Structure formats: C-alpha cells, structure tokens
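Have a look at the model first.

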Amino acid sequence: QVQLVESGGGLVQAGGSLSVSCAASGRTFIFRNHIMAWFRQAPGKEREFVAQINWSGMSTHADSVKGRFTISRDNAKNTVYLQMNSLKPEDTAVYYCAATRATWDDVRAYGLRAFGYWGQGTQVTVSS
C-alpha cells in the first residue's frame with residue numbers, strides 16, 4: 001500500500017512564501033520509479049496541474065505558477081517539495097501530491113488521469 005503524506009500548508013499573506021512537502025512510503029513503492037507531481041483544487045473548481053518532476057530532476061510547471069513555484073525531490077528521503085514564492089490570493093487551494101509510474105509523455109497526454117496515487121491534501125490560504 002502506497003502512502004503520500006503532505007505537510008507544510010498554512011496561511012500566508014500575498015507576496016509571501018510557503019513550502020509544502022510530500023513523503024512517500026510503501027512496502028513495494030520505489031520512489032525513483034515514479035514521476036511525482038503537485039495538483040491543486042480551489043473551492044468550486046476542478047483539480048488542476050501545478051508541477052511535475054521525474055527521478056532525474058527534470059520538471060515542468062504550469063504557466064500560472066512558472067517563475068514563482070519550484071518543484072524538487074529528494075530521492076534518498078522519498079520526498080517531493082513545492083517551494084511557493086510571490087504567492088497570490090488566487091493560489092489559495094488544497095494542494096495534493098500525486099505519483100505515477102506512467103511515462104513523461106503519458107502524463108502530458110492524460111494529466112491527472114495518469115496518476116494512481118494521491119495524498120490527502122494540505123490547505124494553502126493566501127490572504128490579500
């Protein structure tokens with residue numbers, strides 16, 4: 001059984017910074033074999049892609065967060081991070097960690113449907 005546990009959410013003022021992390025575990029879960037990603041979901045909106053990263057550190061970010069957010073991972077700690085800078089009120093959402101063994105191209109093609117493992121989410125609230 002795979003577990004993804006997010007932490008680090010909270011309340012921050014606009015323009016501030018926050019970092020969230022996601023620790024992955026599981027008896028048969030091999031962290032290096034998985035693309036890790038962050039998604040977010042605001043109230044009344046669909047879950048949307050934020051960023052993804054493969055085992056070697058290759059990453060991509062949504063246009064809405066590019067230049068402000070940075071995804072990273074520590075394969076030795078089975079942990080993926082999301083550093084969020086210059087936060088805006090519209091960044092307010094529940095942030096979810098996700099993992100998949102799908103290929104990079106499949107993730108680009110299928111989006112969140114490519115991810116089979118999800119965390120419980122952590123709330124990030126940005127006040128104006």
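A contact here means heavy atoms within 4.5 Å. By that rule, 60% of the protein chain's contacts with a separation of 6 or more are between residues 24 or more positions apart. Keep in mind that this is a predicted model, where local features need pLDDT of at least 70, side-chain atom pairs count only at pLDDT 80 or more, and totals for chains, interfaces and linings use all residues. Residues are numbered from 1 along each chain as its sequence is written, and side-chain values use heavy atoms, with hydrogens and water left out.

Along the sequence, the order reads β-β-β-β-β-β-β-β-β-α-β-β.

Some whole-chain values:

| Property | Value |
|---|---|
| C-alpha box along the principal axes | roughly 45 × 30 × 25 Å |
| Share of the 128 residues that are buried | 41% |

Buried means under 20% relative accessible area, exposed over 50%, and partly exposed in between, using a 1.4 Å probe and protein chains only.

Now zoom in on Arg 68, in the loop between strand E6 (59-61) and strand E7 (69-74). Is Arg 68 buried or exposed? Arg 68 counts as buried because its relative accessibility is 11%. Leaving out residues up to four places away in sequence, Arg 68 touches several residues, including Gln 83, Met 84, Leu 87 and Asp 91. Ser 86 is also one of those touched, and the Arg 68 side chain reaches the Ser 86 backbone oxygen at 3.0 Å.

Note on methods:
Helix = DSSP H or I, 4+ residues; strand = E, 2+ residues; numbered from the N terminus. Polar contact = N/O pair within 3.5 Å; in protein donor to acceptor, adjacent residues only side chain to side chain.
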